[in-house]
Amino acid sequence: MKILAIDTSCDETAVAIIENDRILSNVLSSQIQAHQEWGGVVPSLAKRKHEELINLVLETALKRAKVRLEDIDAFAVTKGPGLAIALEVGIRKAKDLAHQFNKPLIPINHMEGHIYSALAKNSQGNPVFEYQFPLLALLISGGHTEFVLMMNHGQYEILGRTLDDALGESYDKVGRIMDMGYPAGPVLEKIAEKGDENKYDLPMPMQNSGNANMSYSGLKTAAMKLVSDELKEPLNKYGQKFHDSLQHKNVEAVHSNYDQSKVIADISASFQKAAVGQVLGKTKFILDKLKNEGQEIKDLIIAGGVSQNKYLRKKFKSSFGSEYRIHYPTDKKLYTDNAGMIGIAAYFNALQGKTLSDPHDINKLDRDPDWELSEI
Ligand code: KG4
Ligand code: ZN
């Protein structure tokens, strides 16, 4: 079964071609540069960029997969969650295609896509791996920090989430005031490698709350206060150099030329220890609780932008690697927002008959910016 999938939920214009659980092509055009000068995503700009880019991205995806539109068996699109006016662009396109080729349309939850990003295979059918239900999925990105119990394909229970900022967002905000550009997460991780993570004691709230929720705003505020207390000089020129240098992989060189570099590295490392420590603590709490309830979990999925973080991976491996199989997306494109993961999710939805075939039902499909996984 060949599926053409579209995701325009945030700042990536993305189209992919899928054959069953294999990704034949996964094309995205990132708008990061357009949003960079604003320090975050601007919805109206995202919408305009999606409209400009979608046809080109779609043609590129078909060309790379060596597939014609006539060969597509179904169209899939992200219905939510995401930015309303951005989601609309992809939905309109998918509806037009479904009508034009008289094929079914499969509406997909973006977070379900992130879970399936760790279960995707490439065009050769690799990697080969095993997993079983129920499994625990941890979704950590700039917009989400959620623990999801996946009972089976298409069956989700949200066990807990952040009550305020997302994990990636806290990296971005703390990194931003140290002038690390946008998104600051990868830069902060790199800088933290040089720091002493025990230098500053930063808060890890809700560790003993008795539930699976988290909070990142206290940590963010404490880290930001630390920056203003400890850093005496303004950072402006230094920061942009950081960010630019990351593209050329010489962050260390720029960093070591700066005389406050030690303080910045120590703050970054201490922040990261508390930020990742919070996720680790909650994961342990959840796994222990599930075990006590008699649920046999063998597999963990960790997906979303922050799952690229090597410090976090190392910690998860040492804490849970001997008892659980930990699955991450295996292709770089699958970490960020992309349509490959939407197509894989759509394939499993199609197997369960969750498709819209009647033209009236297709017409009625509307975006749902706050669509919860548990509502599927
Ligand atoms: O999933 P994603 O590409 O977009 C959404 O938020 O949906 O995630 C982007 C987020 C940003 O907050 C970025 O700073 C963070 O993921 N991120 C990282 C790393 N790589 C990306 N955070 C910490 N360490 C990293 N290596
Ligand atoms: Zn996402």
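This is a predicted model: local features need pLDDT of at least 70, side-chain atom pairs count only at pLDDT 80 or more, and totals for chains, interfaces and linings use all residues. Residues are numbered from 1 along each chain as its sequence is written.

**Exercise 1.** Find the strand order of the open sheet and its edges.

Step 1. Strands are DSSP runs of E, at least two residues, and helices are runs of H or I, at least four, numbered from the N terminus. Two strands pair if DSSP finds at least two bridges between them.
Step 2. The five strands follow the order 3-2-1-4-5, with mixed pairing.
Step 3. Strand 3 (22–30) and strand 5 (105–109) each have a single partner strand, so one side of each lacks a neighbour in the sheet.
Step 4. Look inside the sheet. Strand 1 (residues 2–7) and strand 4 (residues 74–80) run parallel, joined by four bridges. Ala5 faces Ala76 of strand 4.

**Exercise 2.** Decide whether Lys121 is buried or exposed.

Step 1. Locate Lys121: the loop between helix 4 (110–117) and strand 6 (135–140).
Step 2. Buried means under 20% relative accessible area, exposed over 50%, partly exposed in between (1.4 Å probe, protein chains only).
Step 3. Lys121 has 19%, so Lys121 is buried.
Step 4. List its contacts (heavy atoms within 4.5 Å). Beyond neighbours within four places in sequence, they include Asp21, Arg22 and Pro127.

**Exercise 3.** Describe how helix 10 packs with helix 11.

Step 1. Axes are lines fitted to C-alpha atoms, for helices over the stretch in contact; angles run from 0 to 180 degrees between N-to-C directions.
Step 2. Helix 10 (residues 261–292) and helix 11 (residues 310–320) pack at about 35°, axes 10 Å apart.
Step 3. Residues in the contact include Leu280 of helix 10 and Phe316 of helix 11.

Key. Chains lettered and ligands numbered in written order. Heavy atoms only, no water.
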